[in-house]
Amino acid sequence: MSAAPLLNVEGVSRRRAGRAAVVDVSFSLNAGEVMGLLGVNGAGKSTSLAMLAGALRPDAGSIRLRGEDFVAQPGLARQLIGWLPENAPSWPELSVEEHLVAFSRLRGANRPAARRAADAIVERLRLGDLRRRLAGVLSQGQRQRLGLACALVHEPALIILDEPANALDPVQVGELRRLIRERAAAGAAVILSTHVLAEVLAVCDRVAVLHEGRLRHDAPLRGDEGAAALEATFFAIATGAAA
Ligand SMILES: Nc1ncnc2c1ncn2[C@@H]1O[C@H](COP(=O)(O)OP(=O)(O)OP(=O)(O)O)[C@@H](O)[C@H]1O
């Protein structure tokens, strides 16, 4: 008997500013899978991720998490999903630690549990030196790590990362890759949007390509599928050669 997918997306569409941004997207994702999402600027990646995170309502279609329609249940999305949006917001006058406690409490933890969760993510992301620093004085890369910590503090079942390597130095990019694989090994499903094909090859089991709002490719990444093959697939779609 096969388990139901963690995430099931069926015929999802969304218009933005009067134009189709995401059109009839369907796919499902199992626990433990890491899916890379590629697409040229404006392809609909961030719009898709915002809908999957429960932050934007689809105009049509359904999104189910563990079989439950979470569009109608925002609380469920908050508990089960961790989302690092593009340009993750932070509050300049709150410290790193205060962010983490607040994010954990928003996901339903009581104060002692939220403190424990904050301690655990500070240790895992090696944020100890920054924990009492105000977000307003963090560097861009440090703010990105804070956004990542806020997304992961409640150990979500579905992790949605929108260009997570943005502003990270090469050491932190390596840490990020290890962290993603670690969370997937622990049973989380991960969707990762990026413009860096090497990022996909390094951490993903599967790659999807969005173009003009439509899902034009969705296939497992095999060990022998190298950078050149992925690049060829991507460019054929992006330039219209695969239409
Ligand atoms: N806040 C917004 N208001 C109106 N239109 C928007 C908004 N955000 C995105 N769009 C439009 O929706 C479409 C999809 O944009 P989206 O940001 O989802 O693409 P993307 O693939 O994430 O692009 P990028 O790689 O540049 O981040 C584009 O036509 C864009 O102009």
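Predicted model: local features only at pLDDT ≥ 70, side-chain atom pairs only at ≥ 80, totals over all residues.
**Entry 1: Asp 218**

I then looked up where Asp 218 sits. Strand β10, residues 214–220, holds Asp 218. Is Asp 218 buried or partly exposed? I got 16 C-beta neighbours inside 10 Å, so Asp 218 counts as partly exposed. A residue needs 20 or more to be buried. I also checked Val 207. Val 207 and Asp 218 are 11 residues apart along the chain, and their C-alpha atoms are separated by 5.7 Å.

**Entry 2: Ala 208**

Next I followed the contact to Ala 208. Ala 208 lies in strand β9, which runs over residues 206–211. I noted 23 C-beta neighbours inside 10 Å for Ala 208, so this residue counts as buried. I set aside the neighbours of Ala 208 within four places in sequence and listed the remaining contacts. They are Phe 27, Met 35, Leu 37, Leu 215, His 217 and Asp 218.

**Entry 3: helix α6**

I turned to α6 and tested its length. The helix has 16 residues, and at 1.5 Å a residue they should span 22 Å. I found its end C-alpha atoms 23 Å apart, which agrees. Which residues of α6 are buried? I wrote down Gln 172, Leu 176, Ile 180 and Arg 183. They cover an arc of only 85 degrees around the axis, so they sit on the same side of α6. What do these buried residues pack against? I listed β3 (34–38), α5 (140–152), β7 (158–162), β8 (189–193) and α7 (197–203).

I then looked at the face turned away from the buried side. It carries exposed residues, namely Pro 170, Val 171, Gly 174, Arg 178, Glu 182 and Ala 185. Just after α6, I noted that Gly 187 takes a positive phi of about 110 degrees.

**Entry 4: Arg 177**

Arg 177 lies in α6, residues 170–185. I counted 15 other C-beta atoms within 10 Å, so Arg 177 is partly exposed. Leaving aside its neighbours within four places in sequence, I found Arg 177 in contact with Ala 202 and Val 203. I also looked up Cys 204. Arg 177 and Cys 204 are 27 residues apart in sequence and 9.6 Å apart in space, C-alpha to C-alpha.

**Entry 5: the core**

How many residues does the largest nonpolar core have? I read 67. Ala 149 and Ile 160 have the most contacts inside it. The largest share of this core, 6 residues, comes from α5. Beyond its neighbours within four places in sequence, Ile 160 is in contact with Leu 49, Leu 52, Ala 53, Ile 81, Gly 82, Trp 83 and Ile 191.

**Entry 6: around the ligand**

Last, I looked up the residues around the ligand. Among them are Arg 16, Arg 19, Gly 42, Lys 45, Ser 46 and Thr 47. By class, I recorded 3 nonpolar, 6 polar and 3 charged residues in this shell. Both β2 (19–29) and α1 (45–52) supply at least two residues of the shell. The largest share, 3 residues, comes from α1.

Note on methods: Residues numbered from 1 in each chain as written. Near = placed C-beta within 6 Å. Helix = DSSP H or I, 4+ residues; strand = E, 2+ residues; numbered from the N terminus. Nonpolar A, V, L, I, M, F, W, Y, C, P; charged D, E, K, R; others polar. Buried ≥ 20, exposed ≤ 12 C-beta atoms within 10 Å, placed from the backbone. Contact = placed C-beta atoms within 7 Å. Expected span 1.5 Å × (residues − 1). Arc of directions from axis to C-beta. Core = buried A, V, L, I, M, F, W, Y, C linked by C-beta atoms within 7 Å.
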